[in-house]
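Thanks for coming. Please have the structure open.

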Amino acid sequence: LFRTSQGKFLRREATGQVAYSDTNGEEAAWTVHLASVPTIHLRSSATRRYVALDGGELRETKDVPWGPDAVVTLEETEGQYALRAANHAYLDQSGKLADDFSESSLYSLILRGNRVGFQALNGNYLSAGGPTNSLAARKDKLSRDALYWLEPSRPQVALTSVATGCS
């Protein structure tokens with residue numbers, strides 16, 4: 001954790017005391033545990049678009065996070081997180097959605113101000129790319145296009161006519 005105003009890293013000493021340091025070593029490494037509702041909207045810091053399930057992939061496609069396809073679930077496992085799409089599939093580092101959880105579905109959260117990056121086990125960061133703007137762990141540096149805002153998923157209601165079956 002970096003304190004911008006002092007230009008120093010927060011660290012824990014062997015005695016258990018918390019202090020600030022000029023260097024970013026192992027004693028300055030922290031695990032993040034999110035204490036929030038696990039269903040969220042992911043909004044790209046680069047495109048300002050929301051991630052949604054589209055064509056069997058998670059893509060940065062929505063201007064407004066409307067509908068169940070725009071809800072992503074974060075699942076915590078031993079200090080790391082898995083992303084689940086609206087179809088309950090896990091996003092692995094290659095960008096594929098898998099029905100079953102695996103090690104390649106785990107990401108470490110990297111905090112940068114009020115945004116978060118997802119670092120896969122291969123060291124790359126989750127970002128959108130390609131012709132469909134689909135998510136995969138493809139960036140080797142944590143740049144603006146690999147940072148996201150985590151926004152709470154708000155309750156949504158869709159009304160369907162009993163007579164016509166139309167929304």
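The chain has 15 strands and zero helices. This is a predicted model, so please hear every value as computed from it.

Some totals to begin with. The chain has 167 residues, and 35% of them are buried. Its accessible surface is about 9,800 Å², with carbon and sulfur atoms holding 50% of that. Of the contacts with a separation of 6 or more, 42% are between residues 24 or more positions apart.

Now the rings. How many aromatic pairs does a search of the whole structure find? The search gives three. One of them is tyrosine 90 with phenylalanine 101, an edge-to-face pair with 5.5 Å centre to centre and 70 degrees between the planes. Tyrosine 90 sits in strand 9, residues 90-91, while phenylalanine 101 is in the loop between strand 10 and strand 11, and the two are 11 residues apart. Tyrosine 90 is buried, at a relative accessible area of 9%. Phenylalanine 101 has 37% and is partly exposed.

Next, phenylalanine 118 and tyrosine 148. Their ring centres are 6.4 Å apart and the planes are at 55 degrees, so this pair is tilted; edge-to-face would need over 60. Phenylalanine 118 belongs to strand 12, residues 115-120, and tyrosine 148 to strand 15, residues 148-152, so the pair ties together parts 30 residues apart in sequence. Are these two residues buried or exposed? Both are buried.

Last point: phenylalanine 118 and tyrosine 148 also belong to a cluster, linked by ring pairs, that includes Tyr107. That is what I have.

Methods:
Residues numbered from 1 in each chain as written. Predicted model: local features only at pLDDT ≥ 70, side-chain atom pairs only at ≥ 80, totals over all residues. Heavy atoms only, no water. Phe/Tyr/Trp six-rings, centres within 6.5 Å; stacked < 30°, edge-to-face > 60°. Helix = DSSP H or I, 4+ residues; strand = E, 2+ residues; numbered from the N terminus. Buried < 20%, exposed > 50% of the residue type's maximum accessible area, 1.4 Å probe, protein only. Contact = heavy atoms within 4.5 Å. Areas by Shrake-Rupley, 256 points an atom, 1.4 Å probe, with all protein chains shown as cover.
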